Amino acid sequence: MVEHGDIRVVHCGGSKLNFRDPVITHDSRFLLCASGEAVKVFSTSTEECIHELRGHTGLVTGVLLRPSNHLQVYSSSLDGTVRLWDFTDGILIKTCVIGYPIYSFYASAKHENVIFIVTSMPSEKRAERFQLVAVHLPQSGDQLVEARELSAVLSGVNPNPAAIAFGRGVRIRRHKDNKKGGWNTFTCVACHPKDDCIATGHEDGKIRLWRNFNHKKEYTYSTLHWHHSAVSSLCFTPEGTNLLSGGVESVLIQWRYKQESERDFLPRLGAAITHITVSPDGSLFCTSHSDNKITIIQSCVKVSAVIQGLVKGDSIRTDLMMDPRSKALVLNGKPGHLQFYSLQRDKLLYNLDIVQQEYIHESGLQQFEVVKAAFDASGLWLATVEERHQKAAELELNLKLWAFDEQTQSFVLNTTISAPHDAQITAMSFRQTADSQTTLLVSTSKDGHFKAWQLAAPAHTEDEGPSWLCDFVGAYHGLVPECCSFSADGSLLAVAFQEVVTVWSPATWELLTTLSQPPGAVSDLCFGRLSCSKYLLGTTASNLLCCWNLLTCSLEWSTSMDVRRLLVDPLSENMAAFCYQSGSTDLFVFKPSEPRPLFSRKAVCSGKVTQAVFAPREEMLESCEESSQWLNRSQLYFLTQQMVNNISSSTCFLFSPLKLVIDDSVAMTPFYLLLGKHRQQQQEHRDSDSSLWAERTALPQTSASIKELLQTPAHVLPSTSYLCSMFVQSLLISVSDAREEKAHAEEEMESEKEEEDSEEEMESSRSKPELVAAATESDAPALTKAQARELRRVRKLDHSWLAGLLDS
Amino acid sequence: MGEFKVHRVRFFDYMPSAIRTMAFNSQTERLAVARADGAVEIFNFNDNFFQEKVIPGQDGRAIEALCWVGHRLFSAGLNGEITEYDLENLRPQYTVDAYGGPIWTISSNSQGTQLAVGCEDGTVKIFAILEERIQFQRNLNRHKGRIISLCWHPSSAQIAAGMTDMITIYDAETGQATRRLLVDRAMGASKNKEVVVWSVGYLSDHTIISGDSAGKVQIWNGLTGTLVRTYLVTKWDVLSLIINASQDESSVIAGTSEGTVIQFQFISSTLDQHDKEWVRTRTFRNHSHDVSALAHTDTAVVSGGMDTQLVVRPLLDKVEKNTQESALRKIAFPHRSLVGCAKKAGLLLFQFPDRLELWKLGESEGHGEQHTHTHTLGEDHICCSALSACGGWLAYSTVSSVRLYRIQYNKTISINKVPKLPKELRSVHQLCFSSDSSKLFASSCQSSVIVVAVSQQECRYLHTLKHKTGEWKARMHLLCASDDGKWLATANTDCEIHIYNLHKMKLHCMVPVYNSCPTTIAIHPVTNNLISVHADQQIFEFSLVQKEYTQWSRRLQTQGLLSLWLERDTPITHITFNPKNPDHIILHDTYMFCIIDQSLPFPELNAVLWNQMTLKNLPVSQRIGQSHAFKICKIFQHLMCVSLLEDLSLVVVERPLLDIMSQLPAPVRQKKFAT
């Protein structure tokens, strides 16, 4: 069977909502916005996502209501297709293949069945240039059509959709026309729906209203100036009576057309405005914000709904974390806040204000940022570090400790330690003891010290609760500590001082031992868990992954890999390493005690993965496939940066055919299984069997017969009995035996204590087979030799019996 | 280039006077600008905005309004008089008292037959413009309150008059007020303050546009007397408003006391329709103080005000992009030299409108300059002055008289007026001493040069130099005598340059006429070549002996001047020569001084001009390759004079614009961003 499992990378959410301007439907009930590879349909009143229009295989770059039918919507994507959807039911109506990546697209009511797309110019060497192309959409009833009638309109346009707008039958474009100095560069453009008037926003915060522009040189303009920074979006209301503008000030401004001295403001929208749209009846305004938020505003006075996505600021300074209580993903979001994000529902739960200071909306200001955060194992305590680094002044640092309040169900500030260190804090870790009273926090800093903080009883007054105090300051030869880690039982603390790993006892603060593996500074450090707790793993800057045995205090093994991120699964002994190699990231999952990785996948995604987290599953998954067992207890989430403007978070989780069957609650007939498998095989897009360590077995040779069975028309098929034997044969292959034997041979060569581990493993896997359907029993990675032999014997027996039955 | 000891002089606290009003004559392309001290300046817009003529002011003459009628220029002021100017001799020709108290405004009808003035007593007086003079015709019906602004309808049948709180439309024939348009007062606290209609415009379609002290620009229908639109453009006053009447009346500009100029245009909202309307369009922000004077040329907006600068802002839709024409121009300093320098004695003469200052350059490094004053006595302002090279004589002239002083310098400076001057020296435009200080040349009216011998004993009239033809010619604005005392060069505003032989006391020759006015001329002390620099920045060298352009000049003309040189927007106002190196010509404008080395090749037309500091760092071989005739120095800013003394020390007289700005009164209100 499919031994290597079906582990796929699934894009699970957190994609940008503010990538392109959203669209409000004619009845103002729905809001459509491009989100990653899908189009999301939100309700404007309840903020809930109603549908996700999935089908594109590339980034969706534009959403537009069809001018001729307001119940249908076009979407364009980088995969080179334009799709037409019925958004009320979420049905794909038509796919139009254009064949070039589409960066933005436009339609006008004047041009029936013609859309205008921006694609990259072919045969351009270096600097990417873009051109505007008119595409005539073919009229046919087919689901899949190919548009062939393309005509170039303009070349050298800006791929940013704000740079193109439709006027009354005239199409206007302003690409970055850098007139005299950089200050009056165009940033966006909008056309008046009735008059011949174009509004342009500029880098210096001015809005210019251009009139009379069609005469050759007689154009004239007037200037409106309120914004202090670049105007990022402009929009006329449908009747043309008002002009809306927004920018980094996060204030929505409504200018009266032709009475520009009168204007209305809607301030405090939270973050810089990136797009503004108005519903076709003019009753709802909708602003997209740079913190991945869409605000729906009723008639420029009241914010009626907020649709909030995962906030990704300039950089994710804190790592990805799981809140042990809510199982929510925690990372820094809005400036000065920690966000709690539910992965299951792809929704922001809440923001925790860490800095508790007013954020000033101005670019270039240095403001407090949350740079580090850590939870203890029970989720009772949260430690955060905020810093502000001004060029002239010295670093301002605050370490804050938050206690979880059961009554309010939120974190309450317990202790603020200002200037806990003299320099930036490089790592922070709670001691994770078995009893829930964790009272030790270790922080390491670039000033060459690491400090241990402990919850101490109040000294003098009664009304104050316990607060955190510094317990110990440690240093090692003046070296800079880069990372720290507690062992699973909390009895050991490992601090990496550049090339040297020091192991301390937190109980006595005694330096137990030093481990050293020159060259290269240690950049990531973690202890093994459960059965592997005697191992300490570290990655070094010189692309080495090292594993020390703490019992012998010696290097157990090391391998040369460019590990960007080393993770430990809190619920098992598994570890995951993300390696960056030649433009893409590889994932390896391994146990420190075993030389072979449990799972490896080349090119999980392109680009670097710097943030990842193991999230415990709500219920343990029953899976028996060897390579996917590591995902039974937890899921692995990682954050990628696919494109500059599109950071999408993806999850990597098990996707077995069995799971699919059960989920779909369809009667589990063998034929269904077959069909499901067949589909799986088709979905197998890239199957890299040339991984570093693990040799993969080839696909089972069943596909030919199944294909024959499925693709031949029913009336020419031979009799069912003939097919049945073929079908059953296809289910039972002998190729797997050879592989299994090989695996066992390898296992035998391993040491004794590893056999103990595999016994444990076997225990867990043995409880499963009852649920497994008869057809997929060829898994069990850790079966003992004897069992395997027996199984093979049974299988052979089965086969002959079944064949005999069929032949008769 | 050589090194010089530099006297850096910053004590010439010249202060230009605020611009009060201006008028543009679109036929002759001349702009007349009246300043607060009563001086009137004429700029030629055809000739690189060169300041052709300056009519000196007078104490107590405050010009409120200017008006061109054909080639004639009229002004009216708060002294209640209407003045016509003699633009050839640069003096008021006659004044007529209007007998209506202070006059606020003056306007002529489109035919140029009648002149309307608005008076303090509320009358609009009509004067008939006759051949040589103007004659009072009649009063229009009198109203209570002063008449602040006036505008004729292009058909000359109606006059719109702006008053306090209202605009009145008069029938010019009957003198009856046909309509009164009431102007709203400002909202809020200033509700009780009456609103002054500072400016009014009357279009041929009977639209009236007004700007008032409540900050509104209002558009009225003059036929029905109804308000069409109100634009609140400022919280303060709209001081001036002008229509581009010479064109299609589709643009109006308004100047505010915030220093902004706002343009309104008459355009249709959609292209294919004809229902045009007035739309506020561009805003120009080039002034720090009140914009009290505006002019609308075909291609540019000209504005001036309290901050004394004249700003020419081209309308980018009317001019070719990225050319010299499309550049913003600020004219801050007069286009003539106000500094006299006695090269032998080390004396500096600074000319102010109402006084002269004589300074002695100190011997020690840096400091120790003493100074003395001479005050004028009359109320007329000084139009020109001269200091002899030996430092012994000082002459100055007002509109009506010339004075000559003998300066004696022994420990203390004593200045004695020379009592008896020849009666020929009465009204002169330019004064110049010969290099040996024995003769004084004065350009007089009728385009003649009067030569006066000056000596210790007496002051004697010698000769009058005239052209052969003797016909009426334009006045001479430049005089220059050669070092050897043989030649005298004169230039007039008709762009002609004449050379006189002083030994023979007659015209030697005439330099071929170039179509741009010379801004300065000088005769080379060694070669006796005449160097002339013109308003379009061209440089010519003319050999006086051979009566032809020199080889150097021809080469320069065939190769052409650098675009960097041609795009400078201030004229060269002074030329001196280096006695040590006859190849060097030192000339300066406001922003730089330049040494032209005639022995070096000209730079390539589009070459980058390296500054001297970068050149110094280059290796010698490369430096020689880069060397060319133009050596430009911009260390000293806003130069009034650069002159080389006898002892080869350079005198640099600076007047930084920032110093002028800091001496201006505080602005009424400056628009600040986010207020």
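In chain A, R256(A), E262(A) and D264(A) are joined in a network of salt bridges, a salt bridge being a side-chain nitrogen of Lys or Arg within 4 Å of a carboxyl oxygen of Asp or Glu. The structure is a predicted model, in which local features need pLDDT of at least 70 and side-chain atom pairs count only at pLDDT 80 or more, while totals for chains, interfaces and linings use all residues; side-chain values use heavy atoms, with hydrogens and water left out. Residues are numbered from 1 along each chain as its sequence is written, and chains are lettered from A and ligands numbered from 1 in the order in which they are written.

Over all chains, 23 salt bridges are found. One of them joins E239(A) to K194(A) at an N to O distance of 2.9 Å. E239(A) is in the loop between β21 (231-236) and β22 (242-247) of chain A and K194(A) in the loop between β17 (186-191) and β18 (197-202) of chain A, so parts 45 residues apart in sequence are tied together. Helices (H or I, at least four residues) and strands (E, at least two) are DSSP runs, numbered from the N terminus. With a relative accessible area of 52%, E239(A) is exposed, whereas K194(A), at 41%, is partly exposed; buried means under 20% relative accessible area, exposed over 50%, and partly exposed in between (1.4 Å probe, protein chains only). A further salt bridge, between R29(A) and D27(A), has an N to O distance of 3.7 Å, and D27(A) is partly exposed at 42% relative accessibility.

In chain B, the closest N and O atoms of the salt bridge between R568(B) and D589(B) are 2.4 Å apart. R568(B) lies in the loop between α2 and β50 (574-577), and D589(B) in the loop between β51 (584-588) and β52 (593-597), so the pair connects parts 21 residues apart in sequence. Both R568(B) and D589(B) are buried.

F430(A) and W468(A) have ring centres 6.0 Å apart and planes at 75 degrees, so the pair is edge-to-face. F430(A) belongs to strand β37 (residues 425-430) and W468(A) to strand β40 (residues 467-475) of chain A, 38 residues apart. F430(A) is buried at 1% relative accessibility, and W468(A) is buried at 2%. The pair of W565(B) and F630(B) is tilted, with 5.1 Å between centres and 55 degrees between planes. W565(B) lies in helix α2 (residues 563-566) and F630(B) in strand β53 (residues 630-633) of chain B, so parts 65 residues apart in sequence are tied together. Both W565(B) and F630(B) are buried. In chain A, ring pairs also link F450(A), F472(A), Y476(A), F497(A), W504(A) and W509(A) into a cluster.

Backbone phi angles were also examined. Most residues other than glycine have a negative phi. D165(B) has a positive phi of about 65 degrees; D165(B) lies in the loop between β15 (158-162) and β16 (166-171) of chain B and is buried at 17% relative accessibility. S437(B) likewise has a positive phi, near 65 degrees. S437(B) is in the loop between β38 (428-433) and β39 (439-444) of chain B and is buried, with a relative accessible area of 5%.

Technical notes
Phe/Tyr/Trp six-rings, centres within 6.5 Å; stacked < 30°, edge-to-face > 60°.
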